[in-house]
Amino acid sequence: MTRTRAKICGITRAADALAVVNAGADAIGLVFYPPSPRAVDITQAAAIVAMVPAFVTVTALFVNPTSEQVQSVLDVVRIDLIQFHGDEDDGFCQQFNRPYIKAVRVRQASDMVEACVRFPGALSLLLDSYKPGVPGGTGETFDWSLVPDDLNKPIILAGGLSPDNVATAIRDVHPFAVDVSGGVEANGPGNKGIKDASKIQAFMNEVYRVNYEQHNF
């Protein structure tokens, strides 16, 4: 039994990256998808990553990028892991000399089983909610009972997580890791991408609490 890892995604400010580090999360996520309200450019990303010490994984999220778009980020920003959210295939994902994870928008159990076959190079599958025309970041949960118990890849659970439900998610799904973005953002319109340090800490506290209950860490 291992502790549940946690990634805070959609970081747009250096101060928020520091809050993630201070709360004890394992990874941050930077969104390189311009239509997203949480998108960052290369200059912003470099400033954010400057706040991230060793042993905290910097993840770059792309949706149907060109090879040149991905490489332009890797050439400038310290990226440890790539997260693909679009229609990329395994060959495309493996070409960048970085480990990668593949997002799966879950409608039925077979989506996850098929992804394990289609993406043999993926380190993990990130399970997100399905919404037509939206590649992720919906803020909505999906039916966790659809997740098979015997997938041959580690699972990162995403989609609508927050401090209020992450403990239940961990108990029900037993994921290797959890991923949150909107659930730890500041209240109010126009605050997508603006994190709330107290919510980040509350989220991590819930992860710690349920792990302690389950494993007596």
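Let's start with Phe-84, which is buried, with a relative accessible area of 0%. Keep in mind that this is a predicted model. Its partner is Phe-92: the two rings form an edge-to-face aromatic pair, with 5.9 Å from centre to centre and 75 degrees between the planes. And is Phe-92 buried or exposed? Its relative accessibility is 17%, and the cut-off for buried is under 20%, so Phe-92 counts as buried too.

Across the whole structure, a search finds six aromatic pairs. Ring pairs also join Phe-84 and Phe-92 with Phe-32, Phe-62, Phe-96 and Tyr-100 in a cluster.

Now over to helix α3, residues 67-74. Here Val-70, Val-73 and Leu-74 are buried. Looking down the axis of α3, you'll see these buried residues within an arc of 100 degrees, so they line one face of the helix. As a reminder, an α-helix has 3.6 residues a turn, so residues three or four places apart point the same way. And what covers the buried residues of α3? The cover includes α2 (42-49), β3 (57-62) and β4 (81-84).

Last stop, a helix pair. Helix α6, residues 166-173, packs against helix α7, residues 197-215, at an angle of about 40 degrees, and their axes are 8 Å apart. The crossing of these two, α6 and α7, is right-handed. On the α6 side, the contact is made by Val-166, Ala-167, Ile-170 and Arg-171. They meet a set of residues in α7, among them Phe-203, Val-207, Val-210 and Glu-213. Sorting the residues of this α6 and α7 contact gives six nonpolar, two polar and four charged.

Notes. Residues numbered from 1 in each chain as written. Predicted model: local features only at pLDDT ≥ 70, side-chain atom pairs only at ≥ 80, totals over all residues. Heavy atoms only, no water. Phe/Tyr/Trp six-rings, centres within 6.5 Å; stacked < 30°, edge-to-face > 60°. Buried < 20%, exposed > 50% of the residue type's maximum accessible area, 1.4 Å probe, protein only. Axes fitted to C-alpha atoms, helices over the stretch in contact; angles between N-to-C directions. Helix = DSSP H or I, 4+ residues; strand = E, 2+ residues; numbered from the N terminus. Left-handed = near helix turned anticlockwise from the far one by under 90°. Contact = heavy atoms within 4.5 Å. Nonpolar A, V, L, I, M, F, W, Y, C, P; charged D, E, K, R; others polar. Arc of directions from axis to C-beta.
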